[in-house]
Amino acid sequence: MSRRLVVGLTAVTLVVTAIPAQAERAALTFPASAFPLGANVATVKKDQRNVAAGVNLFSVRYGTSTQGWTVAVLMPNGHEDGTLATAQAKAEQVEAAGFTPSLQKVVQPAAADAPAVERYVVRVGMWTLKQRAKADKVVKELKEFDIRAKADYLGDDGLETTGPWNLRVLMVDPKAFRGSFKTSVGRSIAKSESTSSMSKLTGAIAGVNGGFFNIHTVKEIKGDPMGISVVGGKLLSEAVTGRTGLVMSGRKIKITELKTTVTATSSDGTRTEVHGVNRAPAADELVLYTEEFGTKTAADGGTEAVIDAQGRVVSARQAGGAVPRGFSVLHGTGVMSDWLLEHAAETATVKVDTKVIDLRTRRAVPLTPTTYVMGGGVGLVRNGRIHISALADGHASLNMMLRRHPRTMAGVTKNGGLILATVDGRIPGVTVGASMVEAAQLMRWLGAKQAINLDGGGSSAMVVGNKVVNQPSDGVERPVGDALFVTP
């Protein structure tokens, strides 16, 4: 594929090659087939280390760096891509400023639940890896004409590349492993925490960062998972209905789509929906806070009922207090504040019932002390086929589907083995990361029958023996909302 930049319209498409799934192995071993990304002209460089009985860590490198820099002109919304009309107008603005633009068509790959989408980008110039300064200079020159732009490494754009790719792959063989799988939210829901710190708390053999967490909420609760979290059988964050997650019990693990229902029933027989768990409340919502929340509830003018383990309301108060150890708090705003005042006064009882439903089987997930559930980002592989649930999981965009980022993935093999993988990225010349399609191809190649994408970017981290073994793109380990662990 040519990357020559010219004035005018250049069509650039992404060709996705179907990768045959690796034949199921009697024991979980690293694949012997060709690396599924790039030109397939070199051998995979691989180091193996046994971490524990049935747990092996592989450090994988493939490909070489051959790409450099361009300048990506930003559209009015701040994104790199736009409609044809928007991109044409931006290209005319660049040309009027005395630069030579290239208008290119790119294709957001189709997902299982979303069609392919044609988008357009405007670029200026091309330089080698060592000529980043020249791209930065053009960015500054464009700024003088009120044109926003950024230096863009071509290995990140999701189009043709030679790599390189740096992976860490953890394989847990169900025939030899005798431990269990667990998740952790760290010391509290409200506070984000590094994967290595949570690993120490859990006493883990190894693990990876978990699902996406809410960076757009109030600063006091930045650790709030953006989806389901169950730790030791206790629901700590509600599901986004229909999104893909991991369900664990002991050494058993499965990937499926989930929903949760939380219901409050007062002693007078009145029932109502609880809208959220351990998160910021919206208008007219009832939110349950557990002792794991870790900070005060919002002082938003609402009403709260403090409930003991038997469901007795021990205190009715204005919103904005701590959650006492061993208790929970129902927090109501608007009409739900009125509901609490009417049905959850002191001396009343309020029973809170939580359910997690597996949407593939339509059955409830038993919430026992060995039950752990984690929400992911996007489903990648389903029943051995690439099946990217981008729209349902909220990631049907060019940036998430096509561009390469650091990724963390989890997969389950046909015989119940667990595969955890990180692909480092955003380190030009060293490692390019993976697009969502490439992440699915990698997990299928590694032997996953079912696979899910977890949080990525600067959050991607794999720890072994409480130490980070990959290269986080921020240069340091980022605090995250939750994490997934292999424990003794």
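Hi everyone. Let me start with what I mean by an aromatic pair: two rings of Phe, Tyr or Trp, taking the six-membered ring for Trp, whose centres lie within 6.5 Å. By that criterion the structure, which is a predicted model, holds ten aromatic pairs.

Take Trp69 and Tyr153 as an example. Their ring centres are 5.6 Å apart with 55° between the planes, and the pair is tilted. Trp69 sits in strand E4, residues 69-73, and Tyr153 in strand E8, residues 149-153, so this pair ties together parts of the chain that are 84 residues apart in sequence. Are these two residues buried or exposed? Trp69 has 7% relative accessibility and counts as buried, and Tyr153 is buried with a relative accessible area of 2%. Trp69 also has a charged neighbour: Arg132 lies over the face of its ring, 4.4 Å from the ring centre.

Now for Phe99 and Phe145. Here the centres are 6.3 Å apart and the planes make 85°; edge-to-face needs over 60 degrees, so this pair is edge-to-face. Phe99 is in the loop between helix H1 (84-96) and strand E6 (101-108), while Phe145 is in the loop between helix H2 (132-143) and E8, and the two are 46 residues apart. With 14% relative accessible area Phe99 is buried, whereas Phe145, at 43%, is partly exposed.

There is a cluster to look at too: ring pairs link Phe30, Phe35, Phe58, Tyr62, Trp165 and Trp445.

Another open sheet has five antiparallel strands, ordered E10-E32-E11-E30-E31. Its edge strands are E10 (180-184) and E31 (467-468), each pairing on one side only. E11, residues 206-209, and E30, residues 462-464, run antiparallel with three bridges between them, and Ala206 faces Val464 there. Helix H3, residues 195-202, lies across E10, E11, E30 and E32 (483-487), at about 40° to E32.

Let me finish with strand E15, residues 252-266, and its partners. Six bridges join it to E14, residues 244-249, in an antiparallel arrangement, and Leu246 has Ile255 as its bridge partner. The hairpin of E14 and E15 has two residues between the strands, and Gly250 takes a positive phi near 65° there. E15 is also joined antiparallel to E22, residues 350-358, through nine bridges, with Ala264 opposite Val352. E16, residues 271-273, runs antiparallel to E15 with three bridges, and Thr263 is paired with Glu273. That hairpin has four residues between the strands, and Gly269 takes a positive phi near 90°.

Definitions and conventions:
Residues numbered from 1 in each chain as written. Predicted model: local features only at pLDDT ≥ 70, side-chain atom pairs only at ≥ 80, totals over all residues. Heavy atoms only, no water. Phe/Tyr/Trp six-rings, centres within 6.5 Å; stacked < 30°, edge-to-face > 60°. Buried < 20%, exposed > 50% of the residue type's maximum accessible area, 1.4 Å probe, protein only. Lys NZ or Arg CZ within 6 Å of the ring centre and 35° of its normal. Pairing = 2+ DSSP bridges. Contact = heavy atoms within 4.5 Å. Axes fitted to C-alpha atoms, helices over the stretch in contact; angles between N-to-C directions.
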